Amino acid sequence: MKAIRRLHVRTVLPDALSPLHDLALNLRWSWHPPTLDLFESIDPVKWQECRRQPMAMLSSLTPADLTRLEGDAGFVQRAREAGEGLQRYLSEPRWYQREAQAAAGDDFSQAFAYFSPEFGLTAALPQYSGGLGILAGDHLKSASDLGVPIVGIGLFYKSGYFRQRLNAEGWQQESYPVLDPDDLPLSLLREADGSPAVLSLAMPGGAHLDAHVWRAQVGRVPLLLLDSDVETNDASRRDLTDRLYGGGGDQRLQQEMLLGIGGVRALRLWSRLTGAPEPDVYHMNEGHAGFQGLERISELTQAADLTFEEALRAVRASTVFTTHTPVPAGIDRFGINQIGQHFGGAAELPGVPLTKLLELGAETYRGGDTGVFNMAVMGLRLGQRANGVSVLHGAVSRGMFKGLWPGFDESEVPIGSITNGVHAGTWVDRKVFDLATEFMGPHAIQDGTAFSSVDQVPTDRIWSTKREMREQLVAETRTRLRKSMRDRGATSAELGWIDDVLDPDVLTIGFARRVPTYKRLTLMLRDPERLAKILLDEERPVQLVIAGKAHPADDTGKRLIQEMVRFTDDPKLRHRIVFLPNYDIAMAQRLYPGCDVWLNNPLRPFEACGTSGMKAALNGALNLSILDGWWDEWFDGENGWAIPTADGVDDERRDELEASALYDLLENNVVPTFYDRDEAGLPTRWLEMLTHTLGTLGPKVMADRMVQDYTQSLYLPAARAGRAVAQRNFEGARDLAERVARLRQAWPSVRVEHVEAEGVSDTPQVGETVRVRAYLALGGLSPEEVTVQVAFGRASESDELTEVETSVLEPVESYEGGKHRFDGELALTRTGSLGWTVRVLPAHPLLASDAELGLVANA
Ligand SMILES: *Cc1c(COP(=O)(O)O)cnc(C)c1O
């Protein structure tokens with residue numbers, strides 16, 4: 001029989017158990033072990049069947065279960081206390097209230113909107129494909145812990161990202177299990193009359209796309225997820241949000257329209273229905289959400305009667321853009337015709353002419369493609385503040401995008417960096433959590449003190465905990481491998497060997513990540529015999545656990561996985577090396593703690609940051625990695641090992657050299673250090689490195705540090721800038737737009753005509769001052785509309801200046817024909833081979849950096 005209708009009958013909890021509902025609906029359980037313990041205590045067997053997901057657990061309770069629980073006074077009391085604990089967590093002042101808000105006084109910001117195409121919060125909500133999504137999830141969780149008033153915006157993908165299996169040949173198979181929102185910690189945003197709230201977007205050909213909004217609650221942070229599976233949409237539109245990164249072309253573009261434009265509309269609905277404040281700042285986590293800026297420009301042209309240029313100035317002030325990848329293929333680009341179909345003619349957003357829109361995404365730099373609309377480039381043009389995700393990635397991004405700010409030195413390109421972090425509460429294993437609680441109290445992990453005071457924990461306890469976690473991983477690996485081998489067609493009778501896979505006393509190395517080419521999954525297979533020898537060493541063996549998903553359309557990645565799987569299938573090796581299908585948060589939470597070494601060998605500098613190594617480090621693993629992303633910044637010689645990069649050779653040779661360096665490090669450093677034991681059987685040197693890692697890296701890699709950095713260096717300045725442009729009916733935005741127009745028009749005639757210097761001796765010495773006088777043509781601009789600087793720095797052989805410092809020249813005299821004299825001083829504060837020049841820049845109090853408008857006239 002087949003059902004003709006589906007319905008979801010919800011459990012009704014008796015009053016005494018009502019706290020369970022709030023506890024299950026708030027995703028804080030995903031990083032709060034005591035809440036999970038409470039649900040597990042209801043019925044440990046059922047708990048496993050429900051995949052340790054509280055909402056599913058509640059749905060599964062029978063009336064008899066409820067009667068039993070209601071009569072259990074101890075349980076009722078624990079549930080009540082847990083509920084009160086959650087309420088306290090949600091209402092008490094936290095870091096933001098205590099520090100940031102206190103410092104800002106009445107001017108504090110009430111909401112920061114955080115847009116992301118993916119969110120990785122828990123394995124139960126597979127709305128992520130990899131690092132970008134996990135980072136977004138960790139960002140929300142830390143914002144919650146810190147009290148930072150973020151509201152997240154994303155899409156609800158009913159089939160999420162795919163589940164990975166292997167076939168007999170080791171080829172990746174994808175499946176897309178459908179999620180039932182009723183069994184998940186989600187609630188539908190509803191109008192006052194109880195009907196689901198709907199928002200709508202114009203589509204090509206006069207069509208519409210409607211969407212519902214699901215709300216997930218991540219501790220204190222609401223997360224709004226837009227869902228196109230609405231009855232008023234036709235079948236193909238209903239499926240628009242079915243999968244994360246599912247289709248290409250139009251589906252991808254329309255998903256991003258829903259995320260950006262629909263996302264802003266969802267925020268407006270959210271404010272109207274709940275009274276929540278409108279966001280002060282809009283943060284785009286990667287370019288996918290860039291269309292949010294267009295919707296806001298459109299809103300301002302309608303509601304505040306601004307021109308496109310004025311609205312653009314206002315939107316930029318309150319927008320933050322984070323770029324996440326230096327890999328060209330990772331950057332979202334659409335054809336300009338495709339953009340024309342979706343944003344031109346009848347589909348035009350009011351106040352956003354197609355020509356203006358196309359200018360925002362145009363690759364107007366050398367090597368750019370004129371037929372293409374680039375979402376990262378649009379992000380940079382829509383956000384007055386922008387950053388990469390590690391120091392190295394910030395530098396690489398400045399190099400990549402410097403063409404958007406011609407005339408400026410790469411170091412002045414206005415893209416900074418904030419290094420990613422990871423949410424300790426989510427990623428620290430329960431056993432580490434318990435150990436920290438035993439020695440340092442229950443809050444030590446959450447507040448980070450567990451890491452800075454790791455010395456208080458005896459090293460033998462750290463070591464025995466590490467063994468327990470390895471044991472946990474061994475058990476988990478065998479279970480997963482058995483299931484995978486069955487999927488691949490093996491019978492139970494053939495799988496006896498799995499009982500001997502991995503050993504809790506053997507040095508364990510982990511390698512798990514998505515499988516784009518630059519991550520080089522198979523680098524370790526360069527010399528298979530040498531690897532086999534390392535694994536099979538009788539005295540000092542090594543074991544490797546490997547996992548990773550290739551994008552469904554990426555056959556190259558699937559071939560790499562197959563190559564790896566075939567290697568791990570070898571009966572001589574299979575007890576020491578395994579490939580586990582379906583890398584996800586649940587696997588990651590077991591994998592990192594069980595590893596002694598976390599391996600990463602990307603092609604430098606394509607790993608923007610990387611976070612898995614941070615999660616491993618928080619669980620007492622040492623990193624063995626190419627100096628890329630975060631590791632380039634924080635490797636200190638004591639916290640692991642750096643695989644040297646072979647620059648300046650062809651790719652083949654480079655792989656060869658770097659693989660060989662990897663084997664050398666394993667054979668000569670990693671393995672001997674691990675197996676060098678004292679009388680008590682402890683690896684003294686290893687434990688030194690491990691405690692050093694926990695103590696010094698621990699505090700740095702925390703997402704709390706990252707969210708504090710975002711709040712202080714980007715959100716609060718953007719909120720202030722946003723308020724400044726908006727005052728007195730957007731006077732600032734109007735004034736700035738007018739100035740920008742004047743500057744752009746006059747700039748071709750702005751010139752440094754003549755420079756005089758006085759006071760330079762024949763043998764200049766540090767401490768001397770040079771008096772500088774510059775004669776300029778300003779093409780009709782007044783002296784107040786520009787800044788004139790003397791720029792001073794190290795001079796290369798070709799006279800290029802680096803490490804530039806600047807000082808300002810002041811207007812002294814004006815002459816006929818738009819000529820002006822500016823005077824000032826240059827202090828020779830440095831020694832060596834130096835040089836200086838004079839330059840003219842735009843001036844306006846609402847500009848955030850010298851390079852912002854890409855206008856400069858150098859002498
Ligand atoms: C942390 C994590 C990632 C990202 O790891 P990288 O180091 O950035 O490759 C990907 N997938 C899962 C499941 C993770 O937990």
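A search of the whole structure finds 22 aromatic pairs. This is a predicted model, in which local features need pLDDT of at least 70 and side-chain atom pairs count only at pLDDT 80 or more, while totals for chains, interfaces and linings use all residues. Residues are numbered from 1 along each chain as its sequence is written, and side-chain values use heavy atoms, with hydrogens and water left out.

Q: Why is the pair of Phe674 and Trp686 called edge-to-face?
A: Rings of Phe, Tyr and Trp (its six-membered ring) pair if their centres lie within 6.5 Å, and planes under 30 degrees apart count as stacked, over 60 as edge-to-face and the rest as tilted; because the centres of Phe674 and Trp686 are 5.1 Å apart and their planes stand at 90°, the pair is edge-to-face.

Q: Why is Phe674 called buried?
A: Buried means under 20% relative accessible area (1.4 Å probe, protein chains only), and Phe674 has 0%, so the term applies; Trp686, also with 0%, is therefore buried.

Q: What makes Arg677 a charge over the ring of Phe674?
A: The rule asks that NZ of Lys or CZ of Arg be within 6 Å of the ring centre and within 35 degrees of the ring normal, and the charged end of Arg677 sits over the ring at 5.0 Å from its centre.

Terms used. Buried means under 20% relative accessible area, exposed over 50%, partly exposed in between (1.4 Å probe, protein chains only).
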